[in-house]
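Work through the following exercises with the sequence and the 3D structure open side by side. Each task is followed by a solution that goes step by step.

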Amino acid sequence: MSRTTVCRWLPKDPAAVETFVSDLLVRSRVIHGRHPKTRTRFAKAGESLKTAISRIDIKLDLNCLRSHYRVIADQVQVYTVRALHPIVQEFQDYIEREGVVYAAFNEMFEQAPPPQNEDQAKIEDYVDLMEMIDTNLTTAPSFGQGVSAMVAAVPYYGIISRFCNTPAGYNAFTHPGVNERFCRVFTAWHEYLTSSASTNVIHDGDGGWLSTAALNAMVQSAGGTPDQDTFDNFFICDTSDPHYGFKSYDELFVRELKAVHRAVVYPDNPAIINSACSSTVHQVYYNLKRTDRFWIKNTPYSLNHMLAEDDLVDTFAMLGSLDYHRWRSPVNGTVVKTRLISGATHPNPPPTYYAACLDDDHEDLDVVSRSQDFVSNISTRALIYIQAEEPVGLMCFVGVGLGEVSTCNVVVNEGQELKKGDELGQFHFGGSTHCLIFRPGVTVTPIDQDGQPLEGSKVRVGKDILIATKQP
C-alpha cells in the first residue's frame, strides 16, 4: 500500500488554529523559563515566575497560566518555572540520541510552511515542541478557546498540524520509537485528566466549564433550550459543590443525562431500533460487502477494517452516526461478544483505514486519518455484538475513538441480558463516531425526525430511529 500524508486536517479557520498554537507556545516558553520572543532562558526550574518576570521585559498576566497549574482552593496561586516531565525529558533525549529521528525532527521544521500571520510566534524546533507537549501534559481542555472544539479538546492536533504533512514529519511521527513515546505521553495525559488536579478548569470564570456560556452550550448540545432549561435539570450533578460534584475533567466529559432526557421510545417493540447516543446521523448504507468502501466525514471505511477482520464481518450492513460520550443499547437482547481494539498497544500496527468523526461540538472540521499514518495507527474501537430479538437478530455496535487520545470503555459482558437504554460503555478523552451494523436479510427503514429525514438529523439517546423488518 502506498504511503500517503500523515494527516489531512481541514479546520474552517486555520488562522484561528494558528492563533491558538501561538498563544499556547508563548505560555509554554514562559512556563519553562524562556523569553517568549527571544527564547533565551531567564529563569531556572523551580524559580517563582512572578519574581523572574519582574526582572525582564515580559508583560504577561500570570492568571492566563491558571489552566496549566494545580489550583488549590483558598490559597494564593503560585506559578513556578517548570522542568520537563520525566516522560517528556526522555522523549527529548531519545530525539537527540537517535540520528534518524534527530534529522527528521530538525528537517520537518524547515519543510513546514510558515504560519499565515508572520507576527505570531511559531514553533521553531523540537525544543519548543517538547515544551508544548510538556505544558499540555498537565492541562485539561478549557471551554471557549476561540478555535474548533477539536483543537481545544485535543491540543496535540494543533501542535503538530504544521509538520505532519511534511516528508520529514511523516518519517518522524511514524517512527516506531517516536510512536512509543507519544503513547507514553498520552497515557500520562489520561492519568492527569482522571485526577482531581484536572478540576482546575471546572469553574465559573473565563474559560471555565461552569461559566454561563459553557453550561448553556452543554444544555443546548443535549437538546435543551438554555433560556428555559438549566444544566442541573439535564445532567446529574451537585450544584452545591464547587465543581458540581465532578471529581475530574473526565467525569465532566462523560457526564450523565438524567433519566428523563434519555428515556427510551417504544422500549418493548423489538422492531424499533433506538439511538445508542445523542447523535447526528450521518448516513445509512445498504448491502455492503466486507471490502466495500463507505464514507464518514470524507474518510474511507470498510466492514473488514471496521470490525478488524472479525469472523462475523460477512453478516452486516451499516448505519453511521456521530456524537455523545456514553453509549446505550439500541435493542433488547443478549451480548454475544465484545472486543476492544487499540492500536496504541503496538507502536507500529498494520495499516488500516479508520475515521476520527466528531460529535456536533466539532462540526467545524474534518479530520482524515489515512493508512499507515500517526493518527489512525493508534485509534481505538469497541465492538459489541448483540443478539437482539427478532426481526433484528445479530447486530453490532461499533465505537471508534478520536485519533491518538480517545479511549473506549466497555461496561457489558458476554452473556449479559440487555434492555433498551442499558449502558454499553463510554468514550473518554475525546468524542468520535459510533456505528450500528446489521445482518443481511434485515431491512432497516429510517424514521423521520420532526418531519425531517433521519440522515443529517440530531437525535437524542433513546429516540426511535429505525424500523426493522425481516426479508422473506
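**Exercises on aromatic pairs and a core**

Both Tyr249 and Phe253 are buried, where buried means under 20% relative accessible area, exposed over 50% and partly exposed in between, with a 1.4 Å probe and protein chains only. This is a predicted model, in which local features need pLDDT of at least 70 and side-chain atom pairs count only at pLDDT 80 or more, whereas totals for chains, interfaces and linings use all residues. Residues are numbered from 1 along each chain as its sequence is written, and side-chain values use heavy atoms, with hydrogens and water left out.

**Task 1.** Describe the ring geometry of Phe231 and Tyr244.

*Solution.* Begin with the centres, which lie 6.0 Å apart, and then take the planes, which stand at 50°, so the pair is tilted; rings of Phe, Tyr and Trp (its six-membered ring) pair if their centres lie within 6.5 Å, and planes under 30 degrees apart count as stacked, over 60 as edge-to-face and the rest as tilted. Finally, check burial: Phe231 and Tyr244 are both buried.

**Task 2.** Describe the pair formed by Tyr249 and Phe253.

*Solution.* The centres are 6.2 Å apart and the planes make 40°, which again is a tilted pair.

**Task 3.** Find which residues form one aromatic cluster.

*Solution.* The cluster consists of Phe91, Phe105, Phe173, Phe182 and Phe186.
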